[in-house]
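Welcome, and please have your viewer ready.

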Amino acid sequence: MKFRFLLLVLFISPVVHAQETTLAQPYYITPRTGNQHVDLRSDWELGYADAAVKSVTDLKSVTNWITVAEPTTVQMALTKAGKLPHPYSHLNAKDHAWVDKKVWYYRKSVTLHPSATQGAYVFLCFDGLDYFSKVWLNGQLLGTHEGMFGGPAVEVSKLLKPDVPTEVIVEVRSANYGNWDKFDYKKPGRIIKSIDQAGGEGSKPFFALGMWRKARFEIVPPIHLERPYIVTKTVSPTKAVLSFETEVFVRKQSLDYPLHPWNNQILTRGALPAQVVKAPEKLQLAVTFSYGGKAVLTKRYPLQLLEGRNWVQQEITLDNGNGGPPKLWMPVGMGTPNLYQVSVALIQDNAVRDEIQFAQGIRTIQTVQSQGVRTNERWDNLQFVVNNQPIFVKGVNWMPADALLDLPPQKYRWLLGMAKASGIQMIRAWGGGVIETEDFYNVCDSLGLMVWQDFPVWHQDTPDRPQDIWEAQVLQTIFRLRNRASLALYCGGNGFNPYSSGSVSTLGIVERNLKRFDPSRPFIPTTSDAGNVHTYPDMDPARFAHLYQHTPFIAEAGIHSVQEANSLREIITASEFTDLGKLSDKAFAATHPEIISHFAEYYPYRVPRMVSRATHISDIKNPTIESLAEASQIGAGEFYQLLSDGFQANYPVTTGVMPWVFNRPWPVFSGIMLVDGFNQPTASYYFLKRTYEPIHLALELPYLLWAPGESLAIKTALIHTATPVPKNAKVSVTIYADDYKKVWQKSTQVASIAPETGVRHDSLGTFVVPETFRDRFFYVVAELTNATGGVISRSVYWPRCLSAVNEDSTKKLLREEPATYDKIGESWIPLPNGPWLKPTAANVPTSLTMQVLSNKVTETNQSQLTVRVKNTGTVPSFMTQLDISGVQRAFYASDNFTWLAPGETRDIAVSVWWRGPKDSALLTVGAWNVPVQSIKLF
């Protein structure tokens, strides 16, 4: 016989009636494998009604069903089914405005085998319903649930009936249901929802809802395991000591227990229940570590258990006598992110009765105080020490991979693979986004990307946040993520005051539960706070180094740019790409509705920052979309380069930088971003990437804007991490006039440097800016080369020599230290009338050749190219750029927008995601002083 289950998921009212039991609870039911686990991820039917049904029999009136292949929001499900136009194009988001005003229903038929469920506990688990839900089984109301970050989970074994279809119904409505015109993401009341999915600044048109993560059945025996937890206590090259803990239930299950009572009472009056009932004899716990498909260590422990819930704690050692020397999980740039497969099994009569399997990395991550002066009682310790090695954290902020939570694993592999390729070591999952998914963490674990996980609080006091619902969401998160090797730090949220009376209970619930259920990781209450800062000044970016010289950690900093023009032409009507020089004008919004709809943070103080940078690159008084996008991206790239250079050179006082922001969750016209909403890197990505190399030579440039006759002290910072600096390496700095003629050069030898985090500073002399450079650019190239002259690191800068800097008012603006933070933003001047970098660079031409060495398919719709580029001319090629045109694509290269010396050959790896047919793809190469040439790829 088989059990038939009909699952219907509906979206319901936040109103909870007295007779309804809340299903919100803290206990994450751990996924099993094999016959114990039934994945309900795929192929749901989805329909809607104008109002919630009064009885489940009323669902017969719903006729507009579509099929949903994978978890996503309702909006994206309708788009994929062809019922609505794509919400990210043109003004199509308006066509989705009705979606959160309906009541939505999912349904699915599932077959379970009675041999698996007989005498077992059967949990129906939803990992992400957004937002209010109500659950029935066979017409019996089980209760209500709210939240989007885990739950509900219901034990349903007693309601299963052989040979009778079992009907499960869950009714949910969106978080803003009935409050559509009044909902304010800055004052969300009881709603615990990320602003990125609630009409926030980064995703204004959207209010997401739906089954955005999978549902599942978990089938466990009467005596079973739950929530195993492994912590690395100490590591060395030969030994790792681990702490292991798990819960074991005897004829009880997780949902039989509250975390604690919610009224004032004594918590316990005795150590044991009145009647002690022991579990059967000969129960054992087996913990097995496997690597490369082979078991390397198994520990068995006899169990002495009582009826109910039991905790088992043990210490496990991996060394030469037990499983061999530990294979450590190492972050990007420090080694291999080794992962063991762990099995925790309950053994009775030599048979496995219950088993939980998961990946586990052996590593330690601590934070200690950095070496700067502490100036505040709230001082976050953010010198990260990984496996006993202090590091400078090369990080980045992260928005959700999709505003409407369309999050297939392939998208995570692409974006996070791009992050690893750029040298990023830490991803901050921002508090205005989501608590990230299993797929996200799977990829981060495998790639060696550390994760700074914010809880979902953003720029808001939270006095109305219901404590029981919040605690359930917090603990669902902790239990789900605490075995992740990549999870490095918890943060209470983004940009809020955790010490305010309106937020103290919100933060207190996080702190108390981390203290008990995951004390292994650092925790900071908020960012920014003393010891870590968010800063967005429109200033000379070279000045970061001395204006922020006592800052331990930069948790956010960035500058706007315009997305790639090819991408914009896919989503915005061509007629809007006019009058782009008037972006800041009051009348612009009325005549450019699609641009404004796609403009992240279209504020009067944000647009001038971007435009100011762009005016140094090209004439943008009346630009094309192509020239505006390029100029803004190069201007932003210079900003990110100098930001990163300055803070890395300030190690060990400054111990990390996380620029805002790696990715945009949907295609925007303009925003602060390294990667756009089509998963295509901007030029800024490559500028930051070059600073995140394992061995990096930076010029310690105090200013970008100079006057004729001023003296520029030539100082370098050799920044090194886990990769040793080769013996007999050489540091050199060469200065070129704007016609690429050398005017100054000095070098110094470097002894070999051991693989550790550190900075070597060298002074190579002084360059006096000549009068002939007046109102011109000049180029400064810093290189680290090996004993045979091979380039290990190259950094290129283009300072400006301006007559205006001699003027008293301008010199005061650019040279005097600002009195307050707000005055820093004035420490920069635009150049609307030039000089401009691009036409300057184009004045002296050179030539390039290109050859495709390989073109391989890596996975569905993805390819890997190797391209050889050679400068065959007599001067450097400046802003040498590979591109792929003629098709819809995303790609990232091992280098781009780069300087190529005369005669230099570079082999460049290019990863491509074909977003459409690829037959017409052209590979192009060019530079600002080389015409573009192309070859057909297929």
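Which residue in S42 is the bridge partner of Thr785? Select Thr785 and look across to S42: the partner is Val791.

Before going further, a word on what you see. This is a predicted model, in which local features need pLDDT of at least 70 and side-chain atom pairs count only at pLDDT 80 or more, while totals for chains, interfaces and linings use all residues. Residues are numbered from 1 along each chain as its sequence is written, and side-chain values use heavy atoms, with hydrogens and water left out.

S41 and S42 pair in the antiparallel sense over six bridges; two strands pair if DSSP finds at least two bridges between them. Now widen the view to the open sheet of four strands, ordered S38-S37-S41-S42 with antiparallel pairing. Strand S38 (742–750) and strand S42 (791–797) are the edge strands, each pairing on one side only. From one strand to the next, the twist averages 15°.

**Stop two: a sheet of three strands**

Next, find the open sheet with the order S35-S43-S40, where three strands show mixed pairing. Strand S35 (705–706) and strand S40 (776–777) stand at the edges with a single partner strand each, so one side of each has no neighbour in the sheet. Select S35 together with strand S43 (residues 800–801): they run parallel and are joined by two bridges. Leu705 stands opposite Arg800 in S43.

**Stop three: two helices side by side**

Select helix H12 (residues 625–649) and helix H13 (residues 683–691). Their axes come within 7 Å and cross at roughly 20°; axes are lines fitted to C-alpha atoms, for helices over the stretch in contact, and angles run from 0 to 180 degrees between N-to-C directions. H12 and H13 are therefore roughly parallel to each other, a label for angles under 35 degrees. Their crossing is right-handed, meaning that the near helix is turned clockwise from the far one by less than a right angle. Residues in contact (heavy atoms within 4.5 Å) include Tyr640 and Gln641 of H12 and Phe687 and Leu688 of H13.

**Stop four: charged pairs**

Side chains of opposite charge can pair when their charged atoms come close. The whole structure holds 49 salt bridges, each a side-chain nitrogen of Lys or Arg within 4 Å of a carboxyl oxygen of Asp or Glu.

Start with Lys80 and Asp406, whose side chains meet in a salt bridge (2.7 Å, N to O). Lys80 is in helix H1 (residues 74–80) and Asp406 in the loop between strand S24 (393–398) and helix H3 (409–421), 326 residues apart. Are these two buried or exposed? Lys80 counts as exposed at 57% relative accessibility, whereas Asp406 counts as buried at 10%; buried means under 20% relative accessible area, exposed over 50%, partly exposed in between (1.4 Å probe, protein chains only).

Then go to Arg906 and Asp895, a salt bridge with its closest N and O atoms 2.8 Å apart. Both residues, Arg906 and Asp895, are buried.

Note on methods:
Angles under 35 degrees count as roughly parallel, over 145 as roughly antiparallel, 65 to 115 as roughly perpendicular and the rest as oblique.
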